[in-house]
Amino acid sequence: MYFGFLISDQYKVSVMKKLESQNNLIYFDNAATTFPKPETVIEAVVECMRMYGANPGRSGHWLSVKASDIVFKTRLALANLFGVSNPMHVVFESNATSALNLAIKGLLSGKGHVMTTSIEHNSTIRPLHRFEKDGVIILDILEGDSRGVVSVSEFKKAKKNNSKLVVINHMSNVTGVVQPIREIGKWCRENNIISIVDCSQSAGVIDIDLKKDFIDIVAFTGHKGLYGPMGIGGLVLSDSFDYRMIKPLKEGGTGSLSDEINHPCFLPDIFESGTLNVPGIAGLLKGIEYVTEFREEIETKKRELSRYFIAKALKKVEGIKIYSGMDSLGVISFTIKGLSPSHITNILSENYNIMSRQGLHCSPLSHRKIGTFPEGTVRFSFGVFNTTKEIDIAIKCLNKLVKEKSKNGV
Amino acid sequence: MEFNHSLILFYSSNYTMWANNVLQDDGIICKLVAVPREISSNCGHCIKIEFALKEKAHELLTRKHVKIDRIVDI
Ligand SMILES: Cc1ncc(COP(=O)(O)O)c(C=O)c1O
């Protein structure tokens, strides 16, 4: 079976050595944040802090120029990644949550109708719900099919005269299910409705092209599938999107127009007050280069690992119920009859050094959708450094858990 | 009056860096220098090029939609 070992070969040696020194740690929590990171990412963060840790765009000295240059190069890499030609349409924030807050809160100044889906993360649903509670918007959460996948016909049915915004999570962080953003984006464009896509889970795994997908705005986070450090994320606005529709949530120092007390009104400065996370940005650039180089291998590997786990677990683990499809790209939710998700993840962590995540994964809506609210599920999420051998070990451990349960009558 | 160089000023360092990359990619020799205080109150840098390259640089940056604040000949 092909597992894209090419991905690991270059990086495997040092990464594996490190993990071995941590008692064969198995990390299956890549949807929370990818770990380990490619060495190139780590080196770039350290190099930045060690060699050119100056403030970008503020001072005239060459060290500051070097910092500004890395910021620009990362902007350009993100613009290329998301199919945007103007690098100034890339706005840095600290993560997807702050980016989504900027897009949603910045856009929703007047009354209107907003549509979203039942697989959203709290970073989308909480700000939207706040506006709904405050009587600013009418919010429709479209149910979709049994997996939460929405269709254009649903949007057509829900649309009102004052529909102004659609927010979609591209890939579920609970089940891995993927939304058809191109069809929805196209419909939104035809109907003059702004579209925001949360690509926290999909960026680096599935191609997203704002032009071809007819999407106005994507919110990304750097530390998941893009393999960058935590604390960096942002928005990418399509070339045709009028950024002036978004009101900045913060104002302050930008290093530009310093003689004025009026905040700059041009991109990206209008949204980027305060010193940027340059080490994070430098690391993100290497992460983007990494996922761009291994784009196809990453997708193949995540798909194959998911299939391998699902097929084997269904065969070997008694009482397992899996909520993700065979098409999942690395995000698998499951429950085991008679064992609580938190018990499973605790034992996996404490006794077997396997890191996974239990509960609701910041997405209560998704769990309501798949019928696992309020207990939640266990989530295994695979990254490029995981192997089938690790899956074999994890399945053995799950089996032991099941056997101990019957023995002890838990 | 004869000029030797031109300073290309931008509203923000984000554009300065963009311009620097665009010019260098096209083989136009340029240098980033601190913005002289008497010219602008902006913190940061501007691009210094030979006066003879001014028109070429201007045309290229305009074509690439890199917004320029102004050009000062020195
Ligand atoms: C679908 C989705 N959206 C948004 C986020 C928020 O990302 P961050 O915590 O980096 O802001 C996550 C993270 O779990 C996510 O899975």
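Me: What is the strand order of the open sheet in chain A?
Reply: In this predicted model, the open sheet of chain A has seven strands in the order 2-8-7-6-5-3-4, and the pairing is mixed.

Me: Which strands are at the edges?
Reply: Strand 2 (90–93) and strand 4 (137–142) of chain A are the edge strands, each pairing on one side only.

Me: And how many degrees is the twist on average?
Reply: From one strand to the next, the twist averages 20 degrees.

Me: In what sense do strand 7 and strand 8 of chain A pair?
Reply: Strand 7 (residues 217–221) and strand 8 (residues 233–237) of chain A are antiparallel, with five bridges between them. Within this pair, A:Val218 stands opposite A:Val236.

Me: Which strands does helix 4 of chain A lie across?
Reply: Helix 4 (residues 96–107) of chain A lies across strand 2, strand 5 (163–169), strand 6 (194–198), strand 7 and strand 8, and runs at about 155 degrees to strand 7 of chain A. Helix 3 (residues 62–81) of chain A lies across strand 2 and strand 7, at about 115 degrees to strand 2 of chain A.

Me: Changing topic, which residues come nearest to the ligand?
Reply: Of the 13 residues around the ligand, these are A:Thr97, A:Asp198, A:Thr221, A:His223 and A:Lys224. By class, the shell has one nonpolar, 10 polar and two charged residues.

Me: Which side chain has an N or O atom 2.6 Å from a ligand oxygen?
Reply: That side chain belongs to A:Thr97. For A:Gln201 the corresponding distance to a ligand oxygen is 2.8 Å, and for a polar side-chain atom of A:His121 it is 3.3 Å.

Me: What percentage of the ligand's exposed area does the protein bury?
Reply: The ligand taken alone exposes 400 Å², of which the protein buries 90%.

How values were computed: Residues numbered from 1 in each chain as written. Chains lettered and ligands numbered in written order. Predicted model: local features only at pLDDT ≥ 70, side-chain atom pairs only at ≥ 80, totals over all residues. Heavy atoms only, no water. Near = heavy atom within 4 Å. Polar contact = N/O pair within 3.5 Å; in protein donor to acceptor, adjacent residues only side chain to side chain. Areas by Shrake-Rupley, 256 points an atom, 1.4 Å probe, with all protein chains shown as cover. Nonpolar A, V, L, I, M, F, W, Y, C, P; charged D, E, K, R; others polar. Pairing = 2+ DSSP bridges. Helix = DSSP H or I, 4+ residues; strand = E, 2+ residues; numbered from the N terminus. Axes fitted to C-alpha atoms, helices over the stretch in contact; angles between N-to-C directions. Contact = heavy atoms within 4.5 Å.
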